[in-house]
Amino acid sequence: MRRSPADPYHHGVLDELSQSLFTELRRSDQRRRATQYLRGLTAVEGRKSVRNIASHIGGPEVAQSLHHFIAESPWDWAAVSRSLQRYADRELGFGAWVVQAHPIPRRGQQALGVWGIAKDVSVPVRWTLLPPGEPGAHDVAAATVGFDHSAVGPRPVVLDLPGLCLRPVFDRHMRIGSPLLAAIPAGLPVTSQGHGGHRAVPAARLLQLSRMLRRPVEWTDPATGAVRTGLVAGVPVEWAGHPLLLLGRWDQGQGQPVRCWLTNLTGTPLGVLLRLTTFSQRTQQDFAKSASHVGTLDYEGRSSDGWHRHMTLAAAAHVAQVVAAARSRVRPWSQCMASMERVGFSA
């Protein structure tokens, strides 16, 4: 296989990452299989199936062992995921988290991804398979505050999940003092702390009533890398018993706000909040353009635990590629992710 300058084999990142993550595994054969699977995810071209990974490592006889390791071996993928989160944060220096659902076509379900956002890149550090239907508030609330704060720190969480019941999520974040910025439906009733009344009105309507507060703010479109100017307004509100800030963004020439957000970051400048909202677009772009490189959508089994184990190692492969690229100052997947070079982070 032809290796790029950012190949993690050339930088020792895979060895380093394997040592950091797989000490969580009790048995030496599990640590060996985990290392083999991770290397296969980064090296195999095309689909990252167990068969293709086994062929790359040593032949068909390895396939059964790898299949058992992913689908049935009782190793704790959650512990490995926590170690991955700490490793990635040390290497890349996250400024925020994005929690977002991504479709998994082969299963007909959605995966809840927790992404770390650094200056030029975003990487997934945890995946959770959501049950069919709308995302469950309990699952999302657990994911958004489940970080090891002693090692990682309370970074802002950007939540973009249409149809989610946000009350338990805000309740939990407010209780522990964790910063949260969440996309909301335009029709969500909120109560203004101004305008001389306590009647709840739809969020978009309240923003329209407060449009004299709008001011222009520049932001970078993650899809194109183009610098755009939008109008932003922030209105103090009460919602679900919490004092929050309602944020709205208008594109030039638009009468209605194009997006509405609620946040407990009530003292944060509007320009910083607007840049935080764009991070959900960045993770969508990165998911779409990097999934095939690390086998995110390639798990073929039916086991939920097997899916989580595969996705944990696929996230590790993604992190390995990005860390190796950062060390060599060459960005991974440069042809399809070039716009990210122009996406700044100043939160």
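**Helix pair**

I started with helix α3 (residues 28–43) and helix α4 (residues 50–57), which pack at about 100° with axes 9 Å apart. Helices here are DSSP runs of H or I, at least four residues, and strands are runs of E, at least two, numbered from the N terminus. Axes are lines fitted to C-alpha atoms over the stretch in contact, and angles run from 0 to 180 degrees between N-to-C directions. So α3 and α4 are roughly perpendicular (65 to 115 degrees). On α3 I noted Gln36, Tyr37, Gly40, Leu41 and Ala43, and on α4 Val50, Ile53, His56 and Ile57. Contact means heavy atoms within 4.5 Å.

**Ground rules**

This is a predicted model, so local features need pLDDT of at least 70 and side-chain atom pairs 80 or more, while totals for chains, interfaces and linings use all residues. Numbering runs from 1 along each chain as its sequence is written, and side-chain values use heavy atoms, without hydrogens and water.

**Glutamine 100**

Is glutamine 100 buried or exposed? Glutamine 100 is buried, at 1% relative accessible area (buried is under 20%, with a 1.4 Å probe and protein chains only). It lies in strand β1 (residues 96–104). Its side chain makes a polar contact with the side chain of threonine 283 at 2.6 Å. I take a polar contact as N or O atoms within 3.5 Å, one able to donate a hydrogen and the other to accept it; residues adjacent in sequence count only if both atoms are side-chain atoms. The backbone oxygen of serine 280 is 3.1 Å from a polar atom of the glutamine 100 side chain.

Notes:
Buried < 20%, exposed > 50% of the residue type's maximum accessible area, 1.4 Å probe, protein only. Parallel < 35°, antiparallel > 145°, perpendicular 65-115°, else oblique.
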